[in-house]
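Please read the following walk through a protein model with the structure open beside the text.

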Amino acid sequence: MKYRMLNVFMRVLKNEYLAGFFAWFGYKIFMIIYCVYRPFLRGRCNINIVTARHCLNCTSSKPQMNYEVNNKEKSKDLSIIIPAYNASSTIKDCINSIISQKTKYDYEVIVINDGSTDNTKEIVENIFDEHLLLINQENRGFSGARNRGIDESVGKYVMFVDADDRLVGNSIEIMMEKIESEDVDIVQGSYFSFVGEISNRQDTLLKSRVIEKDTSEMVKNPGFPWAKIYKAELFEKIRFPLDVWFEDTIVCMLLYRMCNKMAVMEDMVYAYRINPDGITKKARHSKKCVDHYWVMEHVLEKSKELNLEHNEIEYRLIRGHMSTLLYRRISLMDGKVKKSAFVLACEMLDKIRPKNFQQNEDNFVMRDIERAFKTRNYRLWKTASFVV
């Protein structure tokens, strides 16, 4: 909650120090209220699993999410994939931020025009550059566009750029040099967010380091698909799940766990445009927000297929998703839907909880959340998930 409050105050006050103070003060107030209130949060949610699953399916049924995997022979160094849907106002700046860079690496820019109804297609067609490839398809959403880009790519490495964002600095060169020199599976760069004018920005600076065979540290990095370069072989067996919101969950839940070595860079490589009308806002008012639970089921199915270990790292990741993220995304929905999602989350965590699971790393709120899942205490889960 503290970081959410900080982001809100930053957008309102546009002053880092004032935003930090108000976020700190507000968070302290919330925690005092929580500590007073928590002893009264008792009771067990008695909805059975069959009823809970039926309720969620009636609200928004589980998508198939299935996809085919087609891999081409790799003949270039890097493939940069841009999903574009009605991006006429930003696509030119996005592409120019890529093709204007100087680099010794052989790269391609694949723009997937995902059924746009504006003049996105015409704008891209009027950009003449040897690196640029335009592919038109019927609308299939972010997943379908990214997956088509992966299928068509011939780069040994893959990068995703959203059509309303930009690469900054000399990002292609420095990220490719890092991923090759360190021989890592993923390189993550620093980035900044902006609303409207690019001068109105908030930096996210990461500490430069190389993480080797330590998944618990890798998963602490941002889980967005962008501001990263991946070895293409990570996508040999998987794609983004189709027809579902929150499809990029696989970055943290699968790709990071498949990664043996990761490099993190302090260098600023990406400009992320905050869209006030994007999916994050729409999800809170749409039945599709329950996709967050369905995606977690998909992740567990894929983990099994990929022979990824059911361990404490996976458990903590899914528990985090099934607490604060799930609650935030379904908080405006009917009470029965929220209770049904909670009951299904309890069952999911019961199945994957490691034996002799230790909570040494948890603060007292996360311990409350763990207790809520074990005892199916809906009121405790709801309140603790709000303040964590």
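This is a predicted model: local features need pLDDT of at least 70, side-chain atom pairs count only at pLDDT 80 or more; totals for chains, interfaces and linings use all residues.

R166 has a relative accessible area of 24%, so this residue counts as partly exposed. R166 forms a salt bridge with D93, and the closest N and O atoms are 3.7 Å apart. This pair links distant parts of the chain: D93 is in helix α4 (residues 91-99), R166 is in strand β5 (residues 166-167), and 73 residues separate them. D93 is partly exposed because its relative accessible area is 40%, which lies between the limits of 20% and 50%.

The whole structure holds 31 salt bridges. E125 and K121 are both in helix α5 (residues 120-125), 4 residues apart, or about one turn of the helix. Their side chains meet in a salt bridge of 2.9 Å, taken from N to O. E125 is partly exposed, with a relative accessible area of 39%, and K121, at 29%, is also partly exposed.

Helix α14 (residues 364-375) contains D368 and R371, which are 3 residues apart, about one turn of the helix. These two form a salt bridge whose closest N and O atoms are 3.1 Å apart. R371, at 40% relative accessibility, counts as partly exposed.

Salt bridges can also join into a network. One such network links E312, R316, R319, D350, R353, D362, E370 and K374.

Next comes a polar residue. Q137 is part of strand β3 (residues 132-137). Its relative accessibility is 12%, and because buried means under 20%, Q137 counts as buried. The side chain of Q137 makes a polar contact with the side chain of R148 at 3.3 Å. Apart from neighbours within four places in sequence, the residues in contact with Q137 are I112, N113, D114, G115, G144, A145 and R148.

Which residues make the nonpolar surface patch of about 1100 Å²? They are V8, V12, L13, L18, F21, F22, W24, F25, I29, I32, I33 and V36. Helices α1 (2-13) and α2 (16-37) each supply at least two residues of this patch. The largest share, 9 residues, comes from α2. I32 is found in helix α2. At 53% relative accessibility, I32 counts as exposed, because exposed means over 50%.

Notes: Residues are numbered from 1 along each chain as its sequence is written. Side-chain values use heavy atoms; hydrogens and water are left out. Patches are made of residues with over 30% relative accessible area and no salt bridge: like charges are joined within 9 Å, nonpolar side chains (Val, Leu, Ile, Met, Phe, Trp, Tyr) within 5 Å. Accessible areas come from the Shrake-Rupley method with a 1.4 Å probe; for residues, only the protein chains shown count as cover. A salt bridge is a side-chain nitrogen of Lys or Arg within 4 Å of a carboxyl oxygen of Asp or Glu. Buried means under 20% relative accessible area, exposed over 50%, partly exposed in between (1.4 Å probe, protein chains only). A polar contact is a pair of N or O atoms within 3.5 Å; within protein, one must be able to donate a hydrogen and the other to accept it, and residues adjacent in sequence count only if both atoms are side-chain atoms. Contact means heavy atoms within 4.5 Å.
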